[in-house]
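Me: I'm new to this one and would like to go through it with you. Could you help me find my way around?

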Amino acid sequence: MSRNEIFNEAGAPPEMPRQSESQLFSELGFDIPVETVPLPSLGKAYPEEHPLHGAQSVDIRAMTAREEDILTSRALLKSGNMISELIRSCLTNKRVDPDSLLSGDRNAILTAIRITGYGAEYSVNTTCPKCETTQVHTCNLTDLPIRSLDADPVAPGTNQFETIMPVTGKKVIIKFGTGYDEKEAQVTADRKKKQGFNVETSVTDNLFRSIVSIGGNTDGAFIRKFISNMPARDSLAVRNFVSLNEPSVLMVSDFTCTHCDHEEVLSLPIGTSFLWPTS
């Protein structure tokens with residue numbers, strides 16, 4: 001079975017091909033490559049019973065037309081399960097629940113799947129902030145930097161991390177988002193839209209999904225009330241802790257304007273061409 005490495009990282013020892021894959025090779029005359037994807041979390045936030053506990057990488061099977069069927073499924077798109085099913089289909093270890101993965105690990109796997117399916121070149125339309133010239137910026141997805149998890153959880157194998165809020169001085173336990181949290185966020189947004197709820201609550205909603213306990217209190221009603229009334233500096237501190245420490249693939253690329261030569265680091269949007277490139 002052929003094997004490549006995404007993001008130029010060393011991978012785990014190769015797995016033996018499944019019998020069905022061997023049969024496919026015999027019938028079709030080619031094998032589906034397996035890629036090794038480094039996990040930004042390093043497996044540090046998964047419990048011992050999780051298949052990726054302590055794992056620094058995971059193997060995926062290269063994207064095929066079968067996965068394109070998943071991407072075109074209106075039912076999966078409507079239900080919000082498309083990305084999870086795409087990841088599930090490509091993971092070689094079928095014991096891994098994609099929704100249980102940290103969002104950063106999901107992003108790393110999703111990026112790797114895209115590379116295996118359509119290549120590493122990714123083009124986006126952008127406007128130079130200096131001269132305002134609109135142009136196409138092309139980057140190589142294998143060059144995306146990975147922010148690995150440096151912070152240690154409060155206990156080994158837990159998705160719980162500690163920081164102190166600067167104004168109230170209270171200890172807060174924070175978790176990083178998972179696939180389950182992404183689904184919950186979508187359900188909440190859809191429900192508020194149907195109810196005609198026009199007040200923007202993304203800051204407090206995200207804080208509530210991130211915070212496990214405040215000053216040792218884990219009661220959800222208490223946490224939500226505290227969040228609604230917490231000093232802005234404490235809110236900022238929690239959000240900064242997440243943004244600076246959450247493991248992930250950083251969707252950024254060095255940009256040089258073709259018109260005025262202005263240089264900066266560009267944040268890459270995830271548009272339709274990410275999973276459905278036109279060429």
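**Pockets, helices and a strand residue**

Reply: Gladly, and please keep in mind that this is a predicted model. A place to begin is the lining of the second largest pocket, which by class has six nonpolar, five polar and six charged residues.

Me: How much space lies in the second largest pocket?

Reply: The second largest pocket holds about 320 Å³ of space. It is lined by 17 residues, and those closest to its centre are Gly-177, Asn-206, Arg-209, Ser-210 and Val-242.

Me: And which element gives the most to that lining?

Reply: That is H7, which contributes five residues to the lining of the second largest pocket, while H6, H7 and H9 each supply at least two.

Me: How do H7 and H9 sit relative to each other, and at roughly what angle do their axes cross?

Reply: The axes of helix H7 (residues 202-210) and helix H9 (residues 232-245) come within 11 Å and cross at roughly 60°, and the crossing is left-handed. On the H7 side the contact involves Val-203, Leu-207 and Ser-210, which meet Ser-235, Val-238, Arg-239 and Val-242 in H9. Sorted by class, the residues of this contact are four nonpolar, two polar and one charged.

Me: Back to pockets, then: what volume does the largest one have?

Reply: The largest pocket has a volume of about 750 Å³. Its lining is made up of 31 residues, with Ile-83, Ser-103, Arg-106, Asn-107 and Glu-182 lying nearest the centre. The elements that give two or more residues to this lining are H3, H4, H5, H6, H9 and strand S10 (248-249), and by class the lining has eleven nonpolar, twelve polar and eight charged residues.

Me: New topic: is Thr-126 buried or exposed, and why?

Reply: Thr-126 counts as buried because its relative accessibility is 10%, and the cut-off for buried is under 20%. This residue lies in strand S4 (residues 121-127).

Me: What is Thr-126 in contact with, leaving aside its neighbours within four places in sequence?

Reply: With those neighbours left aside, Thr-126 is in contact with Thr-133, Thr-134, Gln-135 and His-137, and also with Phe-255 and Leu-266.

How values were computed: Residues are numbered from 1 along each chain as its sequence is written. This is a predicted model: local features need pLDDT of at least 70, side-chain atom pairs count only at pLDDT 80 or more; totals for chains, interfaces and linings use all residues. Side-chain values use heavy atoms; hydrogens and water are left out. Helices (H or I, at least four residues) and strands (E, at least two) are DSSP runs, numbered from the N terminus. Buried means under 20% relative accessible area, exposed over 50%, partly exposed in between (1.4 Å probe, protein chains only). Contact means heavy atoms within 4.5 Å. Axes are lines fitted to C-alpha atoms, for helices over the stretch in contact, and angles run from 0 to 180 degrees between N-to-C directions. A crossing is left-handed if the near helix is turned anticlockwise from the far one by less than a right angle, and right-handed if clockwise. Ala, Val, Leu, Ile, Met, Phe, Trp, Tyr, Cys and Pro count as nonpolar, Asp, Glu, Lys and Arg as charged, and the others, Gly among them, as polar. On a 1 Å grid over the protein atoms alone, a cavity is a set of points where a 1.4 Å probe fits but cannot get out, and a pocket is an open set with protein on both sides within 12 Å along at least five of seven lines; lining residues have an atom within 4 Å of a point. Grid points are joined across faces, edges and corners, and a volume is the space filled by probe spheres set on the points.
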